[in-house]
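Dear colleague,

I am handing over the structure below, and would be glad if you could look through it alongside the notes that follow.

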Amino acid sequence: MTWNLNDVSFLFRLPDGGAEVNVELLRPQDRGNGGELIPGSVYRRIPTLLNAGKGNATLYQGSLRVTSARVDPCPDPASCTPELRLVWQPIEYDDFERRWTARDAALHCVYTMSEPEFA
């Protein structure tokens, strides 16, 4: 596969089914090569994402999930670094609409990678 100047974005499907369905999207506590995807010490410094409920702590432990990812290659290593960008949103079951929904709040994280990691 050959990369060009375009990035690639992936949008992840929300679960089908009722409130008892396990949402199998990445959580902040899930681990990558560098440890937790969003360490708690970093997350605690983020301003409030969603005012409903009990605030950021509830989201971190509960409903915050990766809803999309963007792979950004670097065509010229002298001027940039390859990146993986993850978009996190609270994913909650809406009892009124009887479906899973992504709440209107988002956290964007950019993870830089070395050329070998990107490959």
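Arg70 counts as partly exposed, at 28% relative accessibility, where buried means under 20% relative accessible area, exposed over 50% and partly exposed in between, with a 1.4 Å probe and protein chains only. The side chain of Arg70 meets that of Asp72 in a salt bridge, 3.0 Å from N to O, the term standing for a side-chain nitrogen of Lys or Arg within 4 Å of a carboxyl oxygen of Asp or Glu. Asp72 is buried, its relative accessible area being 12%.

Please keep in mind that this is a predicted model, in which local features need pLDDT of at least 70 and side-chain atom pairs count only at pLDDT 80 or more, while totals for chains, interfaces and linings use all residues. Residues are numbered from 1 along each chain as its sequence is written, and side-chain values use heavy atoms, with hydrogens and water left out.

Asp72 also forms a salt bridge with Arg85, with 3.3 Å between the closest N and O atoms. Because Asp72 lies in strand 4 and Arg85 in strand 5 (residues 83–94), this pair ties together parts that are 13 residues apart in sequence; strands here are DSSP runs of E, at least two residues long, numbered from the N terminus. Salt bridges with shared partners join Arg70, Asp72, Glu83 and Arg85 into one network.

The whole structure holds six salt bridges, including one between Arg13 and Asp16, whose closest N and O atoms are 2.6 Å apart; both of these residues, Arg13 and Asp16, are exposed.

As for confidence, the chain averages a pLDDT (the predictor's confidence in each residue, from 0 to 100) of 85, and 91% of the residues score at least 70.

Conventions
Helix = DSSP H or I, 4+ residues; strand = E, 2+ residues; numbered from the N terminus.
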